[in-house]
Structures are given as C-alpha cells and as structure tokens.
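Subject: Handover of a structure

Hello,

Please take over the structure below. My notes on what was found follow it.

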Amino acid sequence: MYDFKTEEGLAAPELYRELHNAADALTTDESDAVANMANVAALMWEFIPQLNWAGFYRMGATARGESELVLGPFMGRPACIRIPIGQGVCGIAARDMETQLVEDVHAFPGHIACDAETRSELVVPVVKGGQVIAVIDLDSPDPARFGPEDATGIEALAELLADRI
Ligand code: SME
C-alpha cells in the first residue's frame, strides 16, 4: 500500500519537496512511462490543493507526421485529446520550451478551455536531450492559484521525470 498523503497547510517549498520525494520513490525502479505518469498525476492531485485537473500531455504526431501533444495520464475531468504545437497554454509551453504561468486563462489568447471551471493554469515542459517529450499541466478553478514557487516545484519534478517517462 502506498500512503503518500501530505499534511494540510504545508508551505509550497515543503509541499513540493515532499511531492518530489514521493514521485522519486514511486518511479525510481519502474521503467514504464505510462505507469510513472499515472502515479505522478495521482500524487500531484493528492498533494497540491485547489486543482481541478493535473496531468500530462505527451509529444506525439498527427497522421501526417507533424508533432502535436496527445493527452496522457491525468486526474480530473476528461480533456481535449490533441493539442497542436503553438496552440493553447500547453502548445505554447511545448513550442517555446518554457514554463507558462497563467493567472487568468480568460485573458490568455488562444487558451483551450477543456473545463469551463478553470481560471488559472501552470504548464511546464519536460525536456530530454534538448527536446520536449511531454508537458505537465495543472489547472485550478481559482484565479491566480499558481505562483513562482509552484513553477519551481513542478520544474524540479519535470527534471526528475525526464528519464522516467
Ligand atoms: N487549457 C489547456 C488545455 C489542456 S486542459 O486544460 C486539460 C491549454 O490551453 O493548452
């Protein structure tokens, strides 16, 4: 049995340290990418308060062979399956290889609304060998839910997972 539940009211740096340790412990001896993304989606959902979606989009391809993001393991409501590179918050994070911290999704040009409840969003690319292999996406129903400490925490998680997904 895994019992990684965290205490309520932890400060962000401590919360992300605990999340990182739990993700490390769960993925270190497992080579299956889907299993590792599924468990880390569950951990993010368990550890990070005020979320309505937490999960992965993996780099995939269209029928014509162009790169695009494809829905991976997640927690939350069913979501958009394919996102073209450069579109939406996820597609821009993948194209620019840069974290996107969006305080108000309604003010973000091109935001793709998978759930009308979502108000703010954090997307972090997972980079391996100079290429984006996936993005981690967190959504919240609260405006400006995410700040630099969340970005730093999820970036460290993305780095940990680069060789494990
Ligand atoms: N809002 C994202 C799409 C993914 S869902 O939020 C799960 C975007 O604009 O890329």
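A polar contact here is a pair of N or O atoms within 3.5 Å; within protein, one atom must be able to donate a hydrogen and the other to accept it, and residues adjacent in sequence count only if both atoms are side-chain atoms. This is a predicted model, in which local features need pLDDT of at least 70 and side-chain atom pairs count only at pLDDT 80 or more, while totals for chains, interfaces and linings use all residues. Residues are numbered from 1 along each chain as its sequence is written, and side-chain values use heavy atoms, with hydrogens and water left out.

The ligand

By that definition, an oxygen atom of the ligand lies 2.8 Å from a polar backbone atom of Cys90. A polar backbone atom of Val89 is 2.9 Å from an oxygen atom of the ligand. In Asp137 the side chain is involved: one of its N or O atoms is 3.4 Å from a ligand oxygen. Taken alone, the ligand exposes 300 Å², and the protein buries 99% of that (Shrake-Rupley accessible areas with a 1.4 Å probe; for residues, only the protein chains shown count as cover).

Where does the ligand sit? The ligand is in the largest cavity. A cavity is a set of points, on a 1 Å grid over the protein atoms alone, where a 1.4 Å probe fits but cannot get out; a molecule sits in one if more than half of its atoms lie within 2 Å of its grid points. The elements that give two or more residues to the shell around the ligand are β1 (53-61), α3 (88-96) and β6 (131-140). Helices (H or I, at least four residues) and strands (E, at least two) are DSSP runs, numbered from the N terminus. In total 13 residues surround the ligand, the closest being Val89, Cys90, Ile112, Glu121 and Asp139; a residue counts if one of its heavy atoms lies within 4 Å.

Helix α3

The largest share of that shell, three residues, comes from α3. Seven of the nine residues of α3 are buried, so this helix is largely enclosed by the rest of the structure. Buried means under 20% relative accessible area, exposed over 50%, and partly exposed in between (1.4 Å probe, protein chains only). Val89 and Cys90 are among the buried residues of α3. The buried residues pack against β1, β2 (67-76), β3 (82-84), β4, β5 and β6, where contact means heavy atoms within 4.5 Å.

Backbone angles

Most residues other than glycine have a negative phi. Met97, which follows α3, has a positive phi near 55°. Gln50 has a positive phi near 60°; it lies in the loop between α2 (33-47) and β1. Ala144 has a positive phi near 50° and is in the loop between β6 and α4 (148-161).

Two further residues

Is His106 buried or exposed? His106 is exposed, because its relative accessible area is 58%. His106 is in the loop between β4 (100-102) and β5 (120-128). Apart from neighbours within four places in sequence, His106 is in contact with Thr118 and Arg119.

Asp24 belongs to helix α1 (residues 12-27) and counts as partly exposed, at 28% relative accessibility. Not counting residues up to four places away in sequence, Asp24 touches Leu160 and Arg164.

Regards

Technical notes
On a 1 Å grid over the protein atoms alone, a cavity is a set of points where a 1.4 Å probe fits but cannot get out, and a pocket is an open set with protein on both sides within 12 Å along at least five of seven lines; lining residues have an atom within 4 Å of a point.
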